[in-house]
Amino acid sequence: MNTPLRRVGLAMMAMMLLLLGNATYVQVIKADDYRKNPLNRRVVLDQYSRERGQIIAADGTPLASVQRVDDRLRYLRTYANGPAFAPVTGYFSTLYGAGGMERAEDDLLNGSDDRLFARRVSDLITGRDPKGGSLQLTIDAKLQQAAFERLQGVTGTVVAIRPQTGEILAMASTPSYDPNVLASHDVDVQEEAWTGYDADESKPMLNRAVHENYPPGSTFKLVVSAAALAEGKTKDTEVDGRPVITLPGTNTPLPNFNDTQCGNGVVATLQEALAKSCNTAFAVLAAELGADKLRDQAAKFGIGEQDLSIPLSVVPSTLGPMSDKPSIYQTGIGQKDVRVTPLVNAVMAATIANGGVRMQPHLVGKILAPDLQVISETKPDEVDEAMEADQAQALRDMMIASENNTGGGGKLSGVTIASKTGTAEHGEDVRSTNPHAWYVAFAPAEKPEIAIAVIVENGGQQGLSATGGRVAAPIGRAVIGAYLGGR
Amino acid sequence: MGSPVTGAEGTPLAAASSTSPGLRPPTRRSTELFMLAFAATLVTGALILVEANQEQELSMRILWLGLAYLGLLTVAHLAVRKWAPYADPVILPCVALLNGLGLVMIHRIDLAMADVKLPNNQVWSSAAPKQVLWTAIALTLFCTVLKVLSDHRTLARYGYTAGLLGLVALVLPGVLPSFIAPEINGAKIWLSFGAFSIQPGEFAKILLMVFFAAFLVSKRDLFTIAGRRVIGLDLPRARDLGPLIAAWAVGVSIMVLQKDLGSSLLFFGIVLVLLYVATERAAWVVLGVMMFCVGAVVAWKLFGHVQIRVQNWLDPFADPSGTGYQIVQSLFGLGTGGLFGAGLGGGRPDQIPEANTDFITAVIGEELGFVGLAAVLLIYTVFAMRGLRTALSVRDTFGKLLGGGLAFAVAFQIFIVVGGVTKLIPMTGITAPFLSKGGSSLLANYILVALLLRISDAARAPKTTPKPRPQQPAIADQFTVMVERPK
């Protein structure tokens with residue numbers, strides 16, 4: 001009986017070898033597939049039980065930090081003043097992943113970033129729990145707060161940039177949401193909050209500054225002006241001043257706002273046309289320049305850039321196809337297919353403020369180690385020379401004239417603002433759809449410290465009668481005042 | 001037959017400890033004690049790691065569990081020293097290590113589940129203390145078997161009784177009404193008496209092995225008679241197929257009545273091996289496997305639960321959150337563990353369903369990695385191989401058959417379990433001997449170990465047969481001696 005017993009022994013060995021072979025296949029060869037499978041919650045859970053790095057404002061105010069708790073996930077993400085900063089910080093949820101900066105810089109915050117490699121090794125040796133690195137944003141906490149408060153009651157956004165560096169000083173968006181509830185360790189609370197925000201028609205989780213683009217309306221006249229100045233025109237060059245024109249080849253009239261006439265009703269200076277925001281002047285001017293020159297100038301301001309990341313990804317801005325003359329006319333006044341994100345509009349204002357030099361907009365000031373030592377610092381990055389310095393100065397003067405010609409409340413005393421308003425029609429039926437109100441500006445005009453773009457969707461409470469000057473300008477001026485007054 | 005014994009055991013230590021050279025082989029109890037101490041050290045280390053990694057302070061619980069475990073080991077060792085002094089010294093340490101590792105894992109899963117349940121205001125009743133209690137009961141039974149059963153051949157006399165009891169135990173849960181034999185997780189294999197429930201199938205496994213060994217030994221000649229010869233195989237005579245058909249019928253009925261594919265497969269495999277070892281003819285195996293295949297195909301055609309198991313085996317990701325959930329989670333755990341594992345206490349056993357019973361090897365694979373799982377498989381292999389060696393070296397055929405069967409049963413069961421959780425074969429849901437939570441399994445398997453040790457004691461103990469009489473020459477060759485009549 002020993003021979004069959006030995007054979008049974010061989011069979012047993014074979015079974016074990018099969019098991020070992022298969023375990024090797026599952027745990028070594030297929031391991032990565034299984035580990036990274038989105039249905040595998042381990043990696044997520046693991047991350048959520050590690051001490052995540054902080055997100056702090058430029059002055060060190062904590063925006064997102066962790067709090068030790070006594071449950072399975074150990075660390076609770078908390079957001080001081082969550083709704084005001086949510087468009088920047090984003091959220092960090094066990095069920096729904098991360099958004100905003102939490103997602104864009106996830107590797108750094110959860111500690112797996114290569115920049116933290118040396119520290120990870122020392123953590124391993126000293127046996128400390130690995131911690132995530134921290135993020136110091138360029139955001140000015142007080143300014144962000146002021147912008148958020150100014151936007152209460154309307155749907156819109158404010159983006160503020162330091163013209164010389166491209167640092168984003170504020171990026172508020174309303175209505176907002178509270179990332180604290182999304183970070184709750186109570187699954188039901190998370191679920192309820194998420195479904196609530198998701199179903200909300202006002203889209204509170206949308207970061208309007210970078211994830212939505214709008215027709216820029218008259219603010220686009222800055223691009224047309226810049227292109228015209230580049231062509232050798234000056235602020236005194238005479239342009240069309242008629243109160244109404246007809247789009248070429250059609251019977252569609254293109255009037256000025258309230259059918260006002262510019263200059264003498266036949267011609268006006270470029271400066272006056274911009275100050276009064278004459279549609280006819282810029283429509284004709286755009287057609288004169290042609291699609292290519294418009295596109296070139298727009299590109300220099302960053303319109304059309306496909307993969308801008310600050311490091312939040314920014315949806316592209318576009319001029320549209322401009323396939324025929326009437327559409328070039330309409331493009332000239334920022335209508336038709338032109339779409340610009342509030343961020344890019346702010347960049348444009350900042351570029352003009354910076355003497356025509358466009359700086360890369362960014363939100364991350366410094367990358368910090370878990371012990372808050374500086375690992376790296378973002379250097380200002382010059383992207384493009386969008387305008388000659390003297391032309392930028394001319395455009396600035398035109399914008400000062402525009403500001404002086406703009407109504408609306410909240411004018412600041414002692415500060416010269418250079419600005420341009422916009423009232424952008426949109427929707428299927430433009431006559432009965434409330435227009436978006438825009439305001440782009442920088443100040444002080446002589447030595448700019450801040451450039452902003454404000455948009456209030458659908459004119460806020462003003463409805464059909466809303467204009468950039470009446471709705472957006474007061475918000476913009478208040479934000480500028482808050483910034484300049486605070487120093 | 002006895003040659004392998006000296007092969008691996010002839011170490012200097014053995015020679016030194018033997019008191020009466022030439023006659024008494026070494027008992028090797030000191031070797032066993034040394035290895036038990038090693039197992040205890042490993043288990044204690046593992047326990048401390050679990051506690052440390054779960055960031056619990058080293059509580060009294062650890063002392064409690066550790067001391068209980070040490071006490072039980074000591075008792076087991078002393079029992080073997082007293083009642084089976086010549087037993088194989090490797091078997092008990094293997095079992096102790098597996099049992100200890102099982103306790104650690106069950107405790108570890110307790111911690112994880114308590115964490116999961118706590119926030120939802122549910123209470124997880126710890127399984128580890130119960131398992132310690134069961135181990136104590138199992139070891140009592142183990143000692144009793146060693147003491148009462150002084151010669152394993154006694155069992156052969158009760159072969160038919162064992163067979164009847166085994167059969168009853170096997171089919172009982174299937175035929176009893178569900179208030180006493182509830183269907184748990186789709187299998188009707190439990191007998192429930194209030195808070196106390198047993199799985200009679202675990203005991204049936206051993207009882208039926210005793211029966212088959214006794215039956216085959218007594219009727220061995222009958223089965224070695226060849227019938228017809230087909231394609232190089234000597235097929236048995238049709239009228240001798242009775243036991244095989246009976247075993248097949250029992251196997252199928254388990255599958256149908258209890259929906260327990262694992263036990264059915266295990267049972268059938270054991271019968272085949274016993275038949276093969278007893279008759280030394282592969283034809284039985286071939287026939288048996290064919291019959292099993294037919295049975296399996298028919299079962300697959302007829303029963304939904306079999307189809308689901310096969311479907312989940314072929315493509316678990318077809319329904320990852322439904323029927324494929326268990327195997328998918330198991331694969332995720334194994335994959336995340338990878339080569340070296342997440343570390344004891346570092347995995348996510350709460351993600352794996354039935355973590356402390358059917359899927360305990362998946363938890364081991366996650367926390368200890370492929371290396372740990374392979375180590376566990378090798379401990380099983382060593383255990384089974386020592387059992388097989390016992391069978392090879394014991395002198396009586398009943399002991400050979402029973403020993404071989406017991407050893408194979410353990411190896412085959414672990415093949416079915418680990419093969420199931422690693423997707424080598426369809427998932428069937430049986431427990432891993434000594435590792436998994438469960439009283440019945442522990443009791444039955446400790447009886448199995450006691451029987452193996454008893455047989456190995458018989459194999460290695462010095463022969464107790466009377467001294468051979470001096471050989472007498474044939475009558476014809478004997479001297480004629482003059483015997484003087486006493487005066």
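How much accessible surface does chain A have, and what share of it belongs to carbon and sulfur atoms? In this predicted model, the accessible surface of chain A comes to about 19800 Å², and 49% of that area belongs to carbon and sulfur atoms.

Chain A is built with 18 helices and 19 strands, while the secondary structure of chain B comes to 19 helices and 4 strands. The table sets out further values for each chain.

| Chain | Buried residues | Contacts joining residues at least 24 apart, among those between residues at least 6 apart in sequence |
|---|---|---|
| Chain A | 54% of 487 residues | 69% |
| Chain B | 52% of 487 residues | 74% |

In soluble globular proteins, nonpolar side chains tend to be buried together. In the present model, the largest nonpolar core holds 147 residues, and the members that touch the most other members are F142(B), L216(B), Y380(B), F383(B) and L402(B). Helix 18 of chain B, which spans residues 397-421, gives the most to this core, contributing 16 residues. Once the neighbours within four places in sequence are left aside, L402(B) is in contact with L155(B), M209(B), V210(B), A213(B) and I455(B). Another core lies apart from the largest one and has 124 residues, including A98(A), V210(A), Y329(A) and I367(A).

## Cavities

Rolling a probe the size of a water molecule over the atoms shows where empty space is left. The structure holds 9 cavities of 30 Å³ or more, and the largest cavity contains about 90 Å³ of space. Its lining is made of 13 residues, of which Y48(A), Y75(A), R77(A), F92(A) and H185(A) lie nearest the centre of the cavity. Three elements of chain A, namely helix 3 (42-48), strand 3 (75-79) and strand 4 (92-93), are those that give two or more residues to this lining. The largest share, 3 residues, comes from strand 3 of chain A.

Is N445(B) buried or exposed? This residue lies in helix 19 of chain B, which covers residues 439-460, and N445(B) counts as buried because its relative accessibility is 0%, where buried means under 20%. With its neighbours within four places in sequence left aside, N445(B) is in contact with E202(B), K205(B), P433(B) and F434(B).

A second residue to look at is G71(B), which is found in helix 4 (residues 60-83) of chain B. The relative accessibility of G71(B) is 33%, so this residue counts as partly exposed, a class that runs between the 20% limit for buried residues and the 50% limit for exposed ones. Along the sequence, G71(B) and A136(B) are 65 residues apart, and in space the two are 9.4 Å apart, C-alpha to C-alpha.

Conventions. Residues numbered from 1 in each chain as written. Chains lettered and ligands numbered in written order. Predicted model: local features only at pLDDT ≥ 70, side-chain atom pairs only at ≥ 80, totals over all residues. Heavy atoms only, no water. Buried < 20%, exposed > 50% of the residue type's maximum accessible area, 1.4 Å probe, protein only. Contact = heavy atoms within 4.5 Å. Areas by Shrake-Rupley, 256 points an atom, 1.4 Å probe, with all protein chains shown as cover. Core = buried A, V, L, I, M, F, W, Y, C linked by side-chain atoms within 4.5 Å. 1 Å grid on protein atoms, 1.4 Å probe; cavity = no way out; pocket = protein on both sides within 12 Å on 5 of 7 lines; lining within 4 Å. Points joined across faces, edges and corners; volume = space filled by probe spheres on them.
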